[in-house]
Amino acid sequence: MSEHGEADSAGHTPRSRLYDYVDTPEPARQGAARGERGFAALLGEFRRTAVLVPVGEGDAPLTADFGGVRWIYAFSNEGALARFAVARGEGGREWVYQRWLGARLLDAAVPAVGVPCGVALDCADGDEGMVFPPVPGIVPDAVAVDIDGGTGGVR
């Protein structure tokens with residue numbers, strides 16, 4: 001019962017276990033900063049790298065809608081694209097693709113879509129995949145989705 005904030009026999013009200021996460025020690029906060037720097041390095045590498053973008057009719061990039069966002073599929077190499085094709089049950093067909101710089105995807109293709117759009121890199125590779133969501137600092141500010149801090153709403 002003490003997990004629910006009720007006083008114990010000595011009259012002390014114990015803290016919820018959630019407080020263990022609020023009072024994060026300084027080394028963990030430094031780890032988060034390192035994680036942010038790590039993501040910035042990955043983003044920079046993606047922007048400078050040519051990726052494979054499967055295309056459909058009119059050479060439009062292959063996309064999918066998920067969670068209110070349109071995602072442009074991109075792959076780091078032909079093996080990653082092949083794993084995606086097999087996962088979709090379409091490993092036997094020919095896949096037409098173009099090579100695009102990551103920067104071109106984020107700075108030109110995403111704004112051209114006209115709806116909230118990001119890039120899903122190597123999406124069939126589980127934890128090895130990466131998403132570049134339509135937020136400030138990743139895509140141009142004019143097309144970035146502004147997340148309302150705390151409420152989870154999109155502005």
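User: What makes Arg 93 count as a charge over the face of Trp 95?

Analyst: In this predicted model, Arg 93 lies over the face of the Trp 95 ring at 3.8 Å from the ring centre, and the distance part of the test asks for a position within 6 Å of that centre, so this value passes. A second case is Arg 104, whose charged end sits over the ring of Trp 100, 3.9 Å from the centre.

User: How many aromatic pairs are there, and why is the pair of Phe 46 and Phe 132 called what it is?

Analyst: The whole structure holds five aromatic pairs. For Phe 46 and Phe 132, the ring centres are 4.3 Å apart and the planes meet at 20 degrees; because centres within 6.5 Å make a pair and planes under 30 degrees apart count as stacked, this pair is stacked.

User: Which geometry do Phe 84 and Trp 95 have, and how do you know?

Analyst: Their rings are 5.8 Å apart, centre to centre, with 70 degrees between the planes, and since an angle over 60 degrees is the criterion for edge-to-face, that is the term for this pair. Phe 84 belongs to helix H3 and Trp 95 to the loop between H3 and S4, so the pair ties together parts that are 11 residues apart in sequence. Ring pairs also join Phe 84 and Trp 95 with Tyr 73 and Phe 75 in a cluster.

User: Are Phe 84 and Trp 95 buried or exposed, and what decides it?

Analyst: Buried means under 20% relative accessible area; Phe 84, at 5%, therefore counts as buried, and Trp 95, at 12%, does so as well.

User: Where do the buried residues of H3 lie around its axis, and how do you know?

Analyst: Within H3 (residues 78–87), the buried residues are Ala 80, Leu 81, Phe 84 and Ala 85. They span an arc of only 140 degrees around the axis, which puts them on the same side of H3. This buried set packs against strands S1 (50–54), S3 (69–74) and S4 (97–101), whereas the face turned away from the buried side carries the exposed residues Val 86 and Ala 87.

User: What makes the phi of Asp 59 and of Asp 122 worth a remark?

Analyst: Most residues other than glycine have a negative phi. Asp 59, although not a glycine, has a positive phi of about 60 degrees, and it is found in the loop between S1 and strand S2 (63–66). Asp 122 likewise has a positive phi, near 50 degrees, in the loop between S5 and S6.

User: Why do Asp 59 and Asp 122 receive their accessibility labels?

Analyst: The cut-offs are under 20% for buried and over 50% for exposed, with partly exposed in between. Asp 59, at 44%, therefore counts as partly exposed, while Asp 122 has a relative accessible area of 8% and so is buried.

User: Which residues have the most contacts inside the largest nonpolar core?

Analyst: This core has 18 residues, and those with the most contacts inside it are Phe 46, Ile 72, Leu 105, Leu 106, Val 119 and Phe 132. Its largest share, four residues, comes from H4.

Terms used: Residues are numbered from 1 along each chain as its sequence is written. This is a predicted model: local features need pLDDT of at least 70, side-chain atom pairs count only at pLDDT 80 or more; totals for chains, interfaces and linings use all residues. Side-chain values use heavy atoms; hydrogens and water are left out. Buried means under 20% relative accessible area, exposed over 50%, partly exposed in between (1.4 Å probe, protein chains only). Helices (H or I, at least four residues) and strands (E, at least two) are DSSP runs, numbered from the N terminus. The arc is that of the directions from the helix axis to the C-beta atoms. Contact means heavy atoms within 4.5 Å. A nonpolar core is a set of buried Ala, Val, Leu, Ile, Met, Phe, Trp, Tyr and Cys residues joined through side-chain atoms within 4.5 Å. Rings of Phe, Tyr and Trp (its six-membered ring) pair if their centres lie within 6.5 Å; planes under 30 degrees apart count as stacked, over 60 as edge-to-face and the rest as tilted. A charge sits over a ring if NZ of Lys or CZ of Arg is within 6 Å of the ring centre and within 35 degrees of the ring normal.
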